[in-house]
Amino acid sequence: MDRRVSEAVRYLGYGKNAVDDRTRNLIALSFQELEQVAAVKSVYQFFSCIVEKEEEVRIGTMEVRSRNLAKNMKGCQEAAMFGITLGTGADLLIRKYMVTDMAKAVVTQACAAVLLEEACDDLQEKIKKEKAKEDLWIRPRFSPGYGDFDIHHQKDILRILDTHKKIGLSMTDSYMLTPTKSVTALIGICKEEMQCHKTGCESCTQLDCQYRRN
């Protein structure tokens, strides 16, 4: 099983259970359809980063009170702020199947999550290479809603990056991104090399999550 399929299976919550042929076929078809309609767009900027005490972080003009984010950004003098989306096409495809085929809708949701994670990884790698030219290193990306990093800061990031105008990314009154297959995040930048810049399951402390990589 290749990595992309295994990631979709993880998002579907199979864990270590075997996946039947019908689900495998649905996954393969969903990836094909999503690749035809998804249009990845992203925007990012670099800002100064100041970590004050153990739970106060200032990224440019954005002030955040978060012990988790402060730990992630400790030692960083700069940070990248980004927004990224698969576009409205992925949302429309999922909504279509929610009406006509719920099983297909669930699988398409999982596959879209995989494509979004891949897009985030690609953008993170781009930022890593850009900063490597300055002999700088990056930290794991960290999004509003992770740990005690308040989801309300989603609004700050969208405003600062002007994502609605630049990539068509906005949010609802309940701070959910729209298009739904989108992410905002911060990446700390420092002068010292870290062991890795992994994200997701590798840096998450929720060990009992049903979607956790084995």
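Q: Taking helices (H or I, at least four residues) and strands (E, at least two) as DSSP runs, numbered from the N terminus, where is the place of Ser-182?
A: Ser-182 belongs to strand S8. Before going further, this is a predicted model, in which local features need pLDDT of at least 70 and side-chain atom pairs count only at pLDDT 80 or more, while totals for chains, interfaces and linings use all residues. Residues are numbered from 1 along each chain as its sequence is written, and side-chain values use heavy atoms, with hydrogens and water left out.

Q: Is Ser-182 buried or exposed?
A: Ser-182 is buried, because its relative accessible area is 8%, where buried means under 20%, exposed means over 50% and partly exposed lies in between, using a 1.4 Å probe and protein chains only.

Q: And what does the side chain of Ser-182 reach?
A: The Ser-182 side chain reaches the backbone oxygen of Pro-179 at 2.6 Å. This is a polar contact, meaning a pair of N or O atoms within 3.5 Å; within protein, one must be able to donate a hydrogen and the other to accept it, and residues adjacent in sequence count only if both atoms are side-chain atoms.

Q: Which residues does Ser-182 touch, leaving aside those up to four places away in sequence?
A: With that exclusion, Ser-182 touches Ile-84, Thr-85, Leu-116, Leu-169 and Leu-177, a contact being heavy atoms within 4.5 Å.

Q: Back to Pro-179: is the peptide bond from Thr-178 to Pro-179 cis or trans?
A: The bond from Thr-178 to Pro-179 is cis, with omega near 5 degrees, and Pro-179 itself is found in the loop between strand S7 (177-178) and S8. Most residues other than glycine have a negative phi, and most peptide bonds are trans.

Q: OK, on phi then, what is the value for Lys-53?
A: Lys-53 has a positive phi near 60 degrees, in a residue other than glycine. Lys-53 is found in the loop between strand S1 (41-52) and strand S2 (56-59), and it counts as exposed because its relative accessibility is 72%.

Q: And what about phi of Asp-162?
A: For Asp-162, phi is near 55 degrees, again a positive value in a residue other than glycine. Asp-162 has its place in the loop between helix H6 (153-161) and helix H7 (163-167), and with a relative accessible area of 33% it is partly exposed.

Q: Changing topic, what order do the strands have in the open sheet?
A: The open sheet has six strands in the order S3-S2-S1-S4-S8-S5, with antiparallel pairing, and two strands pair if DSSP finds at least two bridges between them. Strand S3 (62-65) and strand S5 (137-142) stand at the edges with a single partner strand each, so one side of each has no neighbour in the sheet. From one strand to the next, the twist averages 30 degrees, with axes as lines fitted to C-alpha atoms (for helices, over the stretch in contact) and angles running from 0 to 180 degrees between N-to-C directions.

Q: How many bridges join strand S4 and strand S8?
A: Strand S4 (residues 78-85) and strand S8 (residues 182-190) pair in the antiparallel sense over eight bridges, and Phe-82 has Ala-185 in S8 as its bridge partner.

Q: What about charges: how many salt bridges does the structure hold?
A: The structure holds 16 salt bridges, each defined as a side-chain nitrogen of Lys or Arg within 4 Å of a carboxyl oxygen of Asp or Glu. One of them joins the side chains of Lys-104 and Glu-33 (3.1 Å, N to O). Lys-104 lies in helix H5 (residues 102-132) and Glu-33 in helix H2 (residues 21-37), so this pair ties together parts that are 71 residues apart in sequence. Both Lys-104 and Glu-33 are buried.

Q: Which residue does Asp-121 meet in a salt bridge?
A: Asp-121 meets Arg-141, side chain to side chain, at 3.0 Å, N to O. This pair links distant parts of the chain, with Asp-121 in helix H5 and Arg-141 in strand S5, 20 residues apart. Asp-121 counts as partly exposed at 28% relative accessibility, whereas Arg-141 is buried, with a relative accessible area of 6%.

Q: Which residues are linked in a network of salt bridges?
A: The network links Glu-54, Glu-55, Glu-56, Arg-65 and Arg-67. Within that group, the side chains of Glu-56 and Arg-65 meet at 3.1 Å, N to O, and Arg-65 is exposed, with a relative accessible area of 54%.
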